[in-house]
Amino acid sequence: MKNKNLVKYLNNLIDTDTHKDIMNGTHRIDLSIDQKQTVYDNININKDQIDVIRLEETTNQTANSPHSDTPNGYHTMILPLYFIDDVYTLTFKSFYNGVNSKGYKYRPSGDQFYDGEWLSDDVSAITGIGTNEFDTVIYKKFLSYIDKKNFKGLTIDKLFKWKLGEWIMFPSDQLHAGSIFKTKKRWLTIHYMAEQQIKLKKFVDDGWNWEPHHGYPQDEFFNDSNTKFHECFDQAPQSIIDFAEEKFSKYTLTMMRQPQGQFIPNHKDKYYLFQKKYKLKSNKDIVRYCIFLEDWKPGHYLEIDGKPFVEWSAGDIAVLRPGIYHRSANAGTELKYTAQITGSLK
Ligand SMILES: [Fe+2]
Ligand SMILES: [Fe+2]
């Protein structure tokens with residue numbers, strides 16, 4: 001068995017837990033700092049990237065009905081610790097594009113599985129939902145613990161068969177569900193931040209087709225004299241193109257150069273170029289990756305949804321979603337360069 005010592009250690013933690021935080025048939029343990037360290041020592045991820053680490057055991061079949069764990073930007077890792085016969089984790093070809101840090105619960109029936117259960121209301125933030133009935137064979141074999149209508153529109157992506165001590169991994173914003181199980185199952189969950197960094201060569205401002213533009217909306221404070229920027233379309237350093245090809249199913253590229261003393265006022269993006277290129281009616285599944293082309297320089301500023309970004313490194317990515325306000329400023333003495341990938345993630 002892989003990770004034999006870690007499995008034994010974690011099983012012992014559950015067996016000897018005296019706090020017994022049990023809700024709706026699920027027993028959860030948040031690990032202490034020392035206990036977390038033992039897990040870190042056994043796995044190969046930078047602990048600064050880990051956001052959630054949690055031991056769980058459940059006797060409740062509905063505990064893992066279709067849901068996403070977090071919005072985009074994290075990976076989920078599951079380590080099976082105890083189960084009887086065959087247990088699976090199933091992923092669907094749908095992703096949660098919203099902003100709720102608790103993720104999303106897919107529940108077309110609207111049924112609550114326990115009193116006072118929270119349900120999601122941002123259904124428009126889910127991608128890849130069809131009008132299809134869910135696959136009957138898969139439903140009967142793995143998922144018949146809840147009404148079939150709760151899978152309506154979903155399509156299976158992968159089936160992960162649980163093996164003791166073998167990690168299962170998928171993007172945390174991907175919808176997934178647990179299979180039927182006997183008696184109880186136990187596992188460790190980790191959410192870790194995905195690497196939002198592209199390795200870039202030193203950026204050289206030479207040979208790009210910059211066009212002059214102005215930032216909007218303009219008002220008494222912001223006008224053509226202090227909202228200047230330069231943009232070029234369908235161009236970017238090769239490593240950004242490679243990254244876009246790997247991560248996006250379809251996309252457009254732009255680069256921006258913001259001169260010293262210029263602002264882009266608070267605004268929402270319309271993703272006009274991308275929508276036009278792919279003849280899309282709505283922009284709801286679109287995401288924009290803003291990539292900093294150089295290390296941060298004093299006076300350079302970006303703000304997304306009220307959150308300031310400074311001190312970035314070349315290749316860092318800030319993620320922008322439809323409807324989110326953002327603004328930028330160059331209060332420094334050097335030009336500020338960024339690239340944008342706009343499109344649909346794979
Ligand atoms: Fe999950
Ligand atoms: Fe924008």
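How many bridges pair β3 with strand β11, and in which sense? The two strands, with β11 covering residues 185-193, pair in the antiparallel sense over eight bridges. This is a predicted model, in which local features need pLDDT of at least 70, side-chain atom pairs count only at pLDDT 80 or more, and totals for chains, interfaces and linings use all residues. Residues are numbered from 1 along each chain as its sequence is written, while chains are lettered from A and ligands numbered from 1 in the order in which they are written.

**The sheet**

- Helices (H or I, at least four residues) and strands (E, at least two) are DSSP runs numbered from the N terminus, and two strands pair if DSSP finds at least two bridges between them.
- Six strands form an open sheet with antiparallel pairing, in the order β1-β2-β3-β11-β5-β9.
- β1 (21-23) and β9 (168-171) are the edge strands, each with a single partner, so one side of each has no neighbour in the sheet.
- From one strand to the next, the twist averages 25 degrees (axes are lines fitted to C-alpha atoms, for helices over the stretch in contact, and angles run from 0 to 180 degrees between N-to-C directions).

**Strand partners**

- β1 runs antiparallel to β2 (residues 26-30), joined by three bridges, and M23 stands opposite T26 in β2.
- β2 is in turn joined to β3 (residues 50-58) by five bridges, again antiparallel, with R28 having E56 in β3 as its bridge partner.

**Backbone features to look at**

- Most residues other than glycine have a negative phi, and most peptide bonds are trans.
- Y216 and P217 are joined by a cis peptide bond, with omega about 0 degrees; P217 lies in the loop between β12 (211-214) and β13 (228-233).
- D234, not a glycine, has a positive phi of about 55 degrees and sits in the loop between β13 and α4.
- E311 also has a positive phi, near 55 degrees, without being a glycine; its place is the loop between β18 (307-309) and β19 (317-320).

**Exposure**

- A residue is buried if 20 or more other C-beta atoms, placed from the backbone, lie within 10 Å of its own, exposed if 12 or fewer, and partly exposed in between.
- D234 counts as exposed, with 12 C-beta neighbours inside 10 Å, and E311 is exposed with 11.
- D242, found in helix α4 (residues 238-247), counts as partly exposed because it has 13 C-beta neighbours inside 10 Å.
- The C-alpha atoms of D242 and K182 are separated by 45 Å, with the two residues 60 apart along the chain.
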